[in-house]
Amino acid sequence: MLSATHGVNLIDGPDGRATGAPGAERLWRARPPGCQDRSMSFWEGVWRIGVPVGVVVASGGMVWTAATESPTEPWWPRGWQWLWVLVWLRAAGEAAFGDNRWWFERAWKGSGALLIFAAVAVGLWRRYRWRRRLARDAQVAA
């Protein structure tokens, strides 16, 4: 049975008694990198589960906003906001080529990048259709 205390595994025998050398109470061993156990602190849970869920929900909100907002106002980034494009490219790259990353991390980064791409595609398509309709209406009116 494994129990963890701040990054160190506490190894017990199958009957619950401590194992190791005779007379030793516990056998302590550092947890190998990437080893997952069922215990995590509150803040680790927020960072590893809450933030990814928040990113995916916010990306879904971007799709909803792009689909429901009026296409009359351009909504693409201006000035320093173009840095978000680099963040998006990095998330998409880590999702696609992220070696030695936890599957959940690759999944949420890929989902977030895909939803952001969908929001941009929906917004651009709606703006294109709106401008085309304006041109057609101006042509009919003339």
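Residues are classed here by relative accessible area, with buried meaning under 20%, exposed over 50% and partly exposed in between (1.4 Å probe, protein chains only). By this scale Phe104, at 22% relative accessibility, counts as partly exposed. The model is predicted: local features need pLDDT of at least 70, side-chain atom pairs count only at pLDDT 80 or more, and totals for chains, interfaces and linings use all residues. Residues are numbered from 1 along each chain as its sequence is written, and side-chain values use heavy atoms, with hydrogens and water left out.

The chain contains 3 helices and 3 strands, where helices (H or I, at least four residues) and strands (E, at least two) are DSSP runs numbered from the N terminus. Along the sequence these elements follow the pattern β-β-β-α-α-α. Of the 142 residues of the chain, 15% count as buried. Contact is defined as heavy atoms within 4.5 Å. Among contacts between residues at least 6 apart in sequence, 48% join residues at least 24 apart.

Two packed helices are described by the angle between their axes and the distance between the axes. Axes are lines fitted to C-alpha atoms, for helices over the stretch in contact, and angles run from 0 to 180 degrees between N-to-C directions. The axes of helix H1 (residues 42-68) and helix H3 (residues 103-141) come within 8 Å and cross at roughly 10°. H1 and H3 are therefore roughly parallel to each other; angles under 35 degrees count as roughly parallel, over 145 as roughly antiparallel, 65 to 115 as roughly perpendicular and the rest as oblique. On the H1 side, the residues that meet H3 include Arg48, Pro52, Val56 and Val63, and their counterparts in H3 include Phe104, Trp108, Leu115 and Val122. The residues of this contact of H1 with H3 divide into 15 nonpolar, 6 polar and 2 charged. In this division Ala, Val, Leu, Ile, Met, Phe, Trp, Tyr, Cys and Pro count as nonpolar, Asp, Glu, Lys and Arg as charged, and the others, Gly among them, as polar. Thr65 is also placed in helix H1 and is partly exposed, with a relative accessible area of 34%. Thr65 and Val122 are 57 residues apart in sequence and 9.7 Å apart in space, C-alpha to C-alpha.

The structure holds 6 aromatic pairs. Rings of Phe, Tyr and Trp (its six-membered ring) pair if their centres lie within 6.5 Å; planes under 30 degrees apart count as stacked, over 60 as edge-to-face and the rest as tilted. Trp88 and Phe117 form a stacked pair, with 6.3 Å centre to centre and 15° between the planes. Trp88 lies in helix H2 (residues 83-97) and Phe117 in helix H3, so the pair ties together parts that are 29 residues apart in sequence. Both are partly exposed, Trp88 with a relative accessible area of 24% and Phe117 with one of 49%. Trp103 and Phe104 form an edge-to-face pair, 5.8 Å centre to centre with 80° between the planes. Trp103 is exposed, at a relative accessible area of 60%. Ring pairs link Trp102, Trp103 and Phe104 into a cluster. The charged end of Arg48 sits over the ring of Trp102, 4.5 Å from its centre; this description requires NZ of Lys or CZ of Arg within 6 Å of the ring centre and within 35 degrees of the ring normal.
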